[in-house]
Amino acid sequence: MNKSMLKITAFGIAVIGFYIYITIYVSGLSGTGGGETASGVSPEAGEKIFWGDGQCSTCHKIGTSGSATRGPDQEGLWARAEERAKELNMPTGLDYLVESIVEPEKYVVKGYDKIMPKVFDPPIMLSREKILAVLAFLQTLGGELDISAIMKYKDKIPEASKKKVKPWVAPIVVDAKEGENVFFDETRPVTCGKCHVVNGRGTKVGPDLTGIGAIQTPEYFLESILKPSAKIVKGYETMYVITSDGIPYNGLIKSETEEELVLLKEESGEIEEIVIPKSEVAEMKKQEVSIMPGNIGELLSVKDFYGIVSFLQSLK
Amino acid sequence: MNNVKILLMVTKKSAFVWLFILSFVLPLTLSQKIFASEAPAQVAQEAAVSGVELPQFEGGQVSGSSQSSEGQPATDVGTTTAVAAEEEEIVPVQYRTFFGIDSRLVVWIVSELHLMFAAFVLGVPIFAVIVEIVGFKGGDIKYDKMAKEFTKLLSAAFATTASLGGLLAFCLFGLYPEFMGHMTNVFAPTMYVYALLFFGEAFTLYGYYYSWDILKGTAAKKWFHISLGVMLNLFGTGLMFITNSWATYMMSPAGIVPATGKVLSMYQAVYNLLWMPVNIHRLIANVCFGGFVVGAYAAVKFLGAKTEEERAHYDWMGYVGNFIGVGALIPLPFAGYWLGREVYSASPVMGNIMMGGAFSWTFIIQAILIGMLFIGVNYYLWLGMGRIKGSERYTRFIKYLIFVIFLCFAVWLTPHNLPLSGEERAMIGEQYHPFSKYFGVMAAKNAVVNLIILATFFSFLIYRRSNKGEMVPFSEQGKAGKIGIFSALIFCLLMLVSYAVSLNFVELDANIKVFVNPLIRALYIQAFAVCLAAFLTFKNKGKLGQTLLFAVTAGIAVLYFWYYGFQVMQKANLVLRYLSVTQVAIVMSCLIMNAIIDVFMFRKAKLVGGIVWGKMPVRSQYTLLLLCIVIVILMGLMGFIRSGLRMDWHIYGVLQDTSPWAYTPTLSYMGRVVGLIVVLFLGLVTFVFWLANLGEKKEEAKPKGYNYEVSGDDYGNAH
């Protein structure tokens with residue numbers, strides 16, 4: 001390689017080196033970047049999501065924080081939300097905020113374009129909890145925080161998942177509402193509501209099923225109904241008790257003191273309460289069989305069965 | 001894919017047979033298995049009709065039910081009519097590694113190298129043909145020689161481009177099979193067209209190069225040869241457009257059902273929202289890229305030249321390469337702006353990621369690189385004036401140009417939002433610096449970009465005037481000048497007035513629309529200024545016309561819109577996009593009109609002195625090298641931005657990237673990778689060019705019978 005080529009090579013390396021140096025410098029200058037993770041429905045988590053994962057700050061600023069002007073400035077948002085709710089005949093400012101997130105094109109503030117994406121859809125795909133957290137944060141922008149009021153809107157916010165999950169589909173046409181009727185229908189041979197509570201309705205023998213759809217899968221419901229002994233919720237195991245007289249009982253422990261044991265026993269579809277003095281208990285052990293009848297599959301039609309599964313799925 | 005289809009078909013058929021059998025068996029089995037003896041009779045009938053039974057459990061496992069990801073909350077299932085839900089084909093994305101190396105890195109490097117070579121291979125033929133035509137029409141063989149030399153480099157680079165393309169295809173199919181399966185499913189027919197066009201390009205390229213000496217002698221032969229060159233460009237452009245459709249589909253997918261990937265319209269998939277903006281942007285950028293690479297090639301040859309003749313030849317070649325690079329560089333920001341705007345239109349989220357999110361800092365780096373390009377281009381022109389007798393008359397302007405360009409560069413570099421510590425913020429009193437924040441917003445940046453373009457254009461004008469003395473009055477220049485000026489006038493008026501008229505019909509609220517009115521007025525004022533410039537030229541006062549047009553353009557597009565941009569941003573953000581287009585239209589009209597006036601005004605001017613080719617300082621050649629290296633880096637950076645905007649999606653919003661490399665790398669990592677790619681590209685290019693020159697005789701560097709010392713019009717006006 002001659003001298004001029006060496007010089008040229010050195011020059012090229014210097015220019016590229018300068019570029020790499022600039023990228024390293026800017027990388028340090030720009031900070032960490034990216035959204036921070038946040039959890040829980042709280043204004044603190046919501047604020048992080050607003051400036052991070054949710055990418056809200058790329059369109060909205062809040063007073064002197066942020067620089068975006070594509071969307072409205074969110075400073076003092078709550079007062080405006082209340083005002084617009086009144087204009088639009090909505091009960092509260094939260095209704096307006098929820099609608100703005102769930103259906104952003106329904107109401108567009110004058111002077112702004114219809115550019116707001118549905119944040120639960122790809123590519124942002126904020127989870128419902130994160131959206132609720134953002135709502136909590138937005139409520140604090142001029143308003144008083146009311147988490148319980150925000151939580152009432154959870155069903156109105158679609159859930160998003162980063163993973164592609166194949167939705168469970170009942171093999172026949174069913175309606176969750178009809179499933180609910182079956183669940184509480186006491187004229188049927190079997191009534192789920194006699195042992196389970198949903199949103200305060202029913203009798204609490206087995207686990208409370210309020211909100212069960214948000215934490216359990218359809219497969220879990222299918223199995224729990226058709227094979228109730230396959231998985232028994234902790235605290236709801238059947239106890240096998242033999243008294244000193246040699247009488248055996250199978251049932252759930254309702255309460256237990258030093259003096260007595262109260263058992264809930266299923267008898268011909270009815271729950272019966274049996275009080276046994278502790279002094280008469282000769283033997284007591286957990287059973288691997290659930291107190292829940294194992295023949296429910298035989299007592300329900302296919303439509304009713306899948307209707308109940310759909311109803312349980314809807315309990316979110 | 002066909003095997004899968006056959007399998008599915010067989011499964012479906014066998015399922016039908018089983019259903020048929022079950023329709024007879026089920027009434028019996030269901031009534032025994034599911035229903036209690038007291039269950040109503042219609043239940044059995046219902047089950048028989050539906051052909052459905054309850055799921056069975058074996059060993060605690062659910063059979064016959066769909067799978068849900070573990071630990072995931074249940075999604076919206078069963079709450080509505082179930083049959084409405086479509087069966088989705090869920091195929092997990094599959095990845096392989098490249099001998100344990102990060103697959104993304106491998107694809108990144110190979111694709112970028114392929115793109116860089118492709119840009120050269122596509123850009124150079126465009127001006128090779130133009131240079132050949134110029135040489136043929138002007139009867140100047142040195143242009144023909146240069147065009148052939150470019151083509152020689154081209155044919156050597158073509159094989160490398162093709163090899164890298166093949167490697168890229170193998171890497172993609174091997175490392176990202178699921179993604180490529182999707183792409184093949186959507187674009188398979190275009191891939192065959194691509195292959196055909198590739199044959200076309202290969203045949204015309206080699207035909208063009210190897211028939212160079214055969215097809216000369218007569219005009220007919222030469223035109224046939226030029227036609228081959230035109231065909232080569234058409235094939236090349238077609239190839240680029242096809243690959244652009246694949247790349248842009250990944251950013252703005254269309255013509256498919258996003259949930260299932262089912263292809264509804266391949267036409268829409270090809271002609272997606274970003275296709276044409278990227279086509280135009282790349283077409284211009286490739287010419288720019290090719291020009292600067294040729295400039296660098298000439299610089300290397302110049303620096304290694306042994307004789308004055310060689311130096312003169314390569315100085316001239318470097319000038320032509322730089323001229324072409326600059327010519328394409330000037331409209332490039334406009335094309336880039338259009339592309340950026342369409343990215344916003346395609347996906348506001350992606351647009352926000354680009355300019356306001358994770359990628360906003362990359363544009364600071366881009367500003368540095370483009371600033372280097374513009375400063376380099378101007379510096380080269382100013383140095384070039386040193387070899388032109390008579391340029392002394394214009395050197396006084398250079399200091400003002402330096403001031404303007406560096407001022408613009410500084411504004412362009414200013415970020416809006418400085419990362420401040422709490423203490424710093426407390427000192428300032430707010431998040432932004434009270435003074436510098438005004439330079440960080442788009443209104444300021446648009447203004448200075450236009451000013452840089454105008455300043456560079458002015459540099460070019462004084463360069464080409466350096467050798468010109470007394471002018472022939474325009475009125476004595478014959479019809480050609482009048483037709484030329486009149487055509488430019490009509491073109492500019494059409495552009496300005498049609499846009500002004502269209503602005504009257506934009507659908508905006510009345511309180512916002514009032515902010516559009518100043519734009520309409522500005523366009524009409526500019527139209528008037530263009531008319532006035534043409535009128536003054538016809539009255540032999542072309543210089544005054546040019547000066548007025550420059551002044552009006554700078555006044556409106558730079559000063560007024562800088563101020564008005566702030567107003568619009570604060571009060572009517574929606575109008576900002578119209579303001580930017582108005583700005584572009586006004587500056588473009590100034591460039592076109594003043595360039596045409598200049599060409600005809602100085603057409604028959606007396607020469608002050610000659611251009612002494614080869615009398616260029618060494619630093620001018622390093623400037624050419626700098627321009628080449630910077631444009632290569634810029635291409636690498638912009639490739640990263642365009643691709644990275646999809647974040648963790650292979651196909652934005654349709655096919656997610658679930659590989660371990662789905663994260664967005666840091667800027668410093670990007671810098672190192674792009675730096676490596678640039679080193680590899682420049683190393684390969686040097687090697688390929690060395691190979692191409694192996695068989696050449698050294699004396700060929702200088703065509704015999706041509707005097708490079710006094711060229712006058714032959715060089716100065718040919719461009």
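This is a predicted model: local features need pLDDT of at least 70, side-chain atom pairs count only at pLDDT 80 or more; totals for chains, interfaces and linings use all residues.
Together with Phe486(B), Leu494(B) and Phe538(B), Ile490(B) makes up a nonpolar patch on the surface. The accessible area of these residues together is about 370 Å². Helix 16, which covers residues 479-503 of chain B, is the main contributor to the patch, with 3 residues. In an α-helix, residues three or four places apart point the same way, because there are 3.6 residues a turn.

## Helix 8

Helix 8 of chain B runs over residues 275-303.

## Aromatic pairs

Over all chains, the count of aromatic pairs comes to 43. One of them joins Tyr194(B) and Trp246(B) in a tilted arrangement, with 5.4 Å from centre to centre and 45 degrees between the planes. This pair links distant parts of the chain: Tyr194(B) belongs to helix 5 (residues 177-210) of chain B and Trp246(B) to helix 6 (residues 219-251) of chain B, 52 residues apart. Tyr194(B) has 21% relative accessibility and therefore counts as partly exposed, whereas Trp246(B), at 19%, counts as buried. The limit that separates these classes is 20%.

Tyr560(B) and Phe561(B) form another tilted pair, at 5.6 Å centre to centre and with 40 degrees between the planes. Phe561(B) is buried, with a relative accessible area of 0%, while Tyr560(B) is partly exposed at 32%.

## Charges over rings

In chain A, Arg201(A) lies over the face of Phe184(A), 3.9 Å from the ring centre. In chain B, the ring of Trp316(B) has the charged end of Lys142(B) over it, at 5.6 Å from the ring centre. Both distances fall under the limit, since a charge sits over a ring only if NZ of Lys or CZ of Arg is within 6 Å of the ring centre.

Technical notes
Residues are numbered from 1 along each chain as its sequence is written. Chains are lettered from A and ligands numbered from 1 in the order in which they are written. Side-chain values use heavy atoms; hydrogens and water are left out. Helices (H or I, at least four residues) and strands (E, at least two) are DSSP runs, numbered from the N terminus. The expected span of a helix is 1.5 Å times one less than its number of residues. Patches are made of residues with over 30% relative accessible area and no salt bridge: like charges are joined within 9 Å, nonpolar side chains (Val, Leu, Ile, Met, Phe, Trp, Tyr) within 5 Å. Accessible areas come from the Shrake-Rupley method with a 1.4 Å probe; for residues, only the protein chains shown count as cover. A salt bridge is a side-chain nitrogen of Lys or Arg within 4 Å of a carboxyl oxygen of Asp or Glu. Rings of Phe, Tyr and Trp (its six-membered ring) pair if their centres lie within 6.5 Å; planes under 30 degrees apart count as stacked, over 60 as edge-to-face and the rest as tilted. Buried means under 20% relative accessible area, exposed over 50%, partly exposed in between (1.4 Å probe, protein chains only). A charge sits over a ring if NZ of Lys or CZ of Arg is within 6 Å of the ring centre and within 35 degrees of the ring normal.
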